[in-house]
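Work through the exercises below with the sequence and the 3D structure open. Each task is followed by a solution in steps.

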Amino acid sequence: MDVYEIITERIIEKLNEGVIPWRKPWTNYASGLPRNGVSKREYTGLNLFLARLNDYASPDFFTARQIKELGGSIKKGEKGNIITFWRLMEYKDATGEEKTVPLLRYYQVWNRTQCTGLPAPKADAMPANVLSPVEAAEALINGYADCPQIREGEARAYYTPTSDFVNMPIRGSFGSPADNPGKRRHKMTYQEMKNRHQEEFNALPLMAAFDMRQFEEGKRRLGVINDDELLNYGYGCFIRKVDMPRFNEHSERTAAERKAAMQDFSFCVGMFEYEMANHEYGYTRNISDTLGACGLTADEINADKMLQKALNTAIKNYLGKDK
């Protein structure tokens, strides 16, 4: 069974349980997105989705090796959660020609609540989402005759007729005003924007295929009959030609949103710090990978005093954390 089949089975399993993961508008923890419990690096893209398939009270996930090194152990009967990893792999084919293909792998991680003996988590440096009530929502609740008690606690939304109360997930665990009418979120950070853009991209009608079986399955899923209906845009990924306007709209809009956000100094500092962590700057001291992930070049940085200051501030902040 390959990684695609494993992930598909996990999603189908949850659907059969009555869980629709992509519709849940809150996380199970207000302290941040699912993340590596050691590095505190937040998951993105598919891994963010996979980590949210189960209801855990903690955002921290660990590999078996990390759990052992921290002096902990996995509780008996607990099952691992799938996390993916991919990279570009170079090889020579039978003719000696060098080729590059994407290599997708997976490994298992366990949530903090699935383990025992781990050190107590340190308080997060970043506070939970600061959310303010929406006046219209508050007015509706205040004007409700004999309004049931509203509690915040469990990571579920439900009403109990026998006790006449409504349970809601804690306010800081919601992601946007549209998710919960009683809140307004703080200014979007680079990490939040990147995650949202990735989720929108994942929702596009795309297919990935690295062999003929996957290619034919992808065609059936997209309702494609003839190969010439598809466009290959690299890395084994395909899109229907009729969907290219939607693909281009997403690319242009997200690029414009990022460009507009990069006028803000604090956004840029957060952007550089995030990508430095993703590309192990503390170890390599090579800033080119960070700039490339931000869609910038050294010349663009040198030509913009605000970006120079933001980068220097981020480097100082990031290296300060390692001391």
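On a 1 Å grid over the protein atoms alone, a cavity is a set of points where a 1.4 Å probe fits but cannot get out, and lining residues have an atom within 4 Å of a point. The model is predicted: local features need pLDDT of at least 70, side-chain atom pairs count only at pLDDT 80 or more, and totals for chains, interfaces and linings use all residues. Residues are numbered from 1 along each chain as its sequence is written, and side-chain values use heavy atoms, with hydrogens and water left out.

**Exercise 1. Cavities**

Task: State how many cavities of 30 Å³ or more a search of the whole structure finds, and list the residues that line the second largest cavity.

Solution. 
Step 1. The search of the whole structure gives 2 cavities of 30 Å³ or more. Grid points are joined across faces, edges and corners, and a volume is the space filled by probe spheres set on the points.
Step 2. The second largest cavity holds about 30 Å³ of space.
Step 3. Its lining consists of Arg10, Leu50, Leu53, Asn54, Asn81 and Ile82.
Step 4. Sorted by kind, the lining has 3 nonpolar, 2 polar and 1 charged residues. In this sorting, Ala, Val, Leu, Ile, Met, Phe, Trp, Tyr, Cys and Pro count as nonpolar, Asp, Glu, Lys and Arg as charged, and the others, Gly among them, as polar.

**Exercise 2. The chain as a whole**

Task: Find how many helices and strands the protein chain has, and what percentage of its residues is buried.

Solution. 
Step 1. The protein chain has 12 helices and 12 strands. Helices (H or I, at least four residues) and strands (E, at least two) are DSSP runs, numbered from the N terminus.
Step 2. Of the 323 residues in the protein chain, 34% are buried. Buried means under 20% relative accessible area, exposed over 50%, and partly exposed in between (1.4 Å probe, protein chains only).
Step 3. For contacts in the protein chain between residues at least 6 apart in sequence, 61% join residues at least 24 apart. A contact means heavy atoms within 4.5 Å.

**Exercise 3. Aromatic pairs**

Task: Describe the pair of Tyr43 and Phe61, then the pair of Tyr190 and Tyr274.

Solution. 
Step 1. A pair of aromatic rings is described by the distance of the centres and the angle of the planes. Rings of Phe, Tyr and Trp (its six-membered ring) pair if their centres lie within 6.5 Å; planes under 30 degrees apart count as stacked, over 60 as edge-to-face and the rest as tilted.
Step 2. The whole structure contains 6 aromatic pairs. One of them, Tyr43 with Phe61, is tilted, at 6.0 Å centre to centre and 50° between the planes.
Step 3. Tyr43 lies in the loop between strand S1 (35–36) and helix H2 (45–51), and Phe61 in strand S2 (residues 60–62), so this pair ties together parts that are 18 residues apart in sequence. Both Tyr43 and Phe61 are buried.
Step 4. Tyr190 and Tyr274 have ring centres 5.8 Å apart and planes at 65°, so their pair is edge-to-face.
Step 5. Because Tyr190 is in helix H5 (residues 190–202) and Tyr274 in helix H8 (residues 265–278), the pair ties together parts that are 84 residues apart in sequence.
Step 6. Tyr190 is buried at a relative accessible area of 2%, and Tyr274 is buried at 7%.
Step 7. Tyr190, Phe267 and Tyr274 form one aromatic cluster.

**Exercise 4. Residues in helices and strands**

Solution. 
Step 1. Not counting residues up to four places away in sequence, Asn47 touches Ile83 and Thr84.
Step 2. Ser73 and Leu118 are 7.7 Å apart, C-alpha to C-alpha, and 45 residues apart in sequence.

Notes. 1 Å grid on protein atoms, 1.4 Å probe; cavity = no way out; pocket = protein on both sides within 12 Å on 5 of 7 lines; lining within 4 Å.
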